[in-house]
Amino acid sequence: MAFRKDFLWGGATAANQCEGGYDQGGRGLANVDLAPVGKDRIGVITGEQKMFDFDDDHFYPAKNAIDMYHRYKEDIALFGEMGFKTYRLSIAWSRIFPKGDETEPNEDGLKFYEDLFKECHKYNIEPLVTITHFDCPMHLVEKYGAWRSRELVGFYENLCQVIFNRYKGLVKYWLTFNEINMILHAPFMGAGLYFEPGENKEQVKYQAAHHELVASAIATKIAHEVDPENKVGCMLAAGAYYPYSCNPEDVWASRKNDRENYFFIDVQSRGEYPAYAIKELERNGIEIKMADGDAELLKNHTVDFISFSYYSSRVATTDPDLLEKTEGNIFASIKNPYLKASEWGWQIDPLGLRITLNDLYDRYQKPLFIVENGLGAVDTPDENGYVEDDYRINYLAEHLQAMKDAVELDGVDLLGYTTWGCIDLVSAGTGEMKKRYGFIYVDRDNDGNGSLKRSKKKSFDWYKKVITTNGEDLSND
Ligand code: BG6
């Protein structure tokens, strides 16, 4: 058998992409609520365009999303029916601390997640909780400039103290920051960073990243103190860079691009700024202000496991003639002529998952966890909401085979696998509903119309079989 007996099969979501209920239960407004569908989205999520409140000209899909806030029992029952061993979800910070800087948490928000975790346990589903999946209370954005301010470390620490204590015994697996490297590519969505004209963006991003890295180390420390059973992971938007050619210039370019992303995990897993990053920051005139004790915190509280999302590999070159870009998870890369692509232009590379798993395992020698992978596609349901999504089954089966090879043939230590968007939800990149990842179809369109009814797709039973056989049977019949 390729996978460990307690392999954590499941699915993943994020609060702002599925909960809705943005103003219910005392929840405060968050950066992620303010990303509209349409042409202004990219400017907003990259921190170039200011959108600190709703306006009448835009549609904001996260406000109601798929209404999981009210329907989580039905959804978790469906996950239970598929045999999920784990369900990855995120806590909305502004449900627990509506403004972010209060001293007392909001009981309604705490209770909501407590009930949700209990519901998971009814089906023997182990919650895997992302403490922040891109969200930051808007009050912290407006008053402190979000993660650019050192004060956020303390507010995040309060959040961690509260949730680790309250959910002791209910939650054991934690991720500190979703796709921590996303701060470089979508700084407002990823970390609440909005840039004033003329600001040195790189300086702001790396200082904010430092604050997140310290906050992550503090979270790891508290998690272990509160309950030695807790396991804390970092989370990387992964996908190995390939050199476009064997020209050493291309090889070097791919190495440098990989390091831009590995930097975060190097700190979280090895406990210090890597030499290449120190040099690169110096060269670029970026000065990181470190407080007394930061180096010790980073060194002494490294993560227990490495989690990551994988949608595609990437390509690097220095050849200016090869500028044909392809879409990707927020950051576009050079097009790889050997690969096909999804309807959204994301290139499909199952072997790239094996390569990425090996790269990460070679580099860190810690257990890995794939916490996002999947195909965003247009689904056409019949009148009962049933979708024949063989394309999704094929995509997943090929990636699972690659993952199996990494475990069975290469000896990678893998804790689990959660598909992204196990139930259809709002796309983070585009805000669309049309870009669906789920085993469960949700009747809702890009403009927010629809009954929100849930129905099983063909992939629902397929994934159930995969889990029942612990990944032995990946066939589609
Ligand atoms: C990851 C995020 O970047 O990719 C998710 O962690 C996101 O929040 C997922 O939804 C897929 O991207 P998209 O743009 O298709 O939603």
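The questions and answers below concern the ligand shell and several residues of a predicted model.

Residues are numbered from 1 along each chain as its sequence is written, and side-chain values use heavy atoms, with hydrogens and water left out. As this is a predicted model, local features need pLDDT of at least 70 and side-chain atom pairs count only at pLDDT 80 or more, while totals for chains, interfaces and linings use all residues.

Q: What makes a residue part of the shell around the ligand, and how many residues surround the ligand?
A: A residue is near a molecule if one of its heavy atoms lies within 4 Å of it. By that criterion 16 residues surround the ligand, and the closest are Gln17, Glu179, Glu372, Lys435 and Tyr437. The shell divides into seven nonpolar, six polar and three charged residues, where Ala, Val, Leu, Ile, Met, Phe, Trp, Tyr, Cys and Pro count as nonpolar, Asp, Glu, Lys and Arg as charged, and the others, Gly among them, as polar.

Q: Why is Glu372 called buried?
A: Buried means under 20% relative accessible area, exposed over 50%, and partly exposed in between (1.4 Å probe, protein chains only). Glu372 has a relative accessible area of 5%, and is therefore buried. Glu372 lies in strand 13 (residues 368–372), strands being DSSP runs of E with at least two residues and helices runs of H or I with at least four, numbered from the N terminus. Its side chain makes a polar contact of 3.0 Å with that of Arg88, and the unreviewed UniProt entry annotates Glu372 as "active site", although such annotations may be inferred rather than shown by experiment.

Q: Why is Thr380 called exposed?
A: Thr380 has a relative accessible area of 65%, which is over 50%, and so it counts as exposed. Thr380 lies in the loop between strand 13 and helix 14 (390–408). Not counting residues up to four places away in sequence, Thr380 touches Tyr386 and Val387, contact meaning heavy atoms within 4.5 Å.

Q: How do you know that Ser94 is buried, and what does its side chain reach?
A: The relative accessible area of Ser94 is 1%, under the 20% limit, so Ser94 is buried. Ser94 is placed in helix 4 (residues 93–96), and its side chain reaches the backbone oxygen of Gly28 at 2.7 Å.

Q: Why does His210 count as buried?
A: His210 has 0% relative accessibility, which is under 20%, and therefore counts as buried. In helix 9 (residues 201–226), the His210 side chain is joined to that of Asp294 by a polar contact of 2.8 Å.

Conventions. A polar contact is a pair of N or O atoms within 3.5 Å; within protein, one must be able to donate a hydrogen and the other to accept it, and residues adjacent in sequence count only if both atoms are side-chain atoms.
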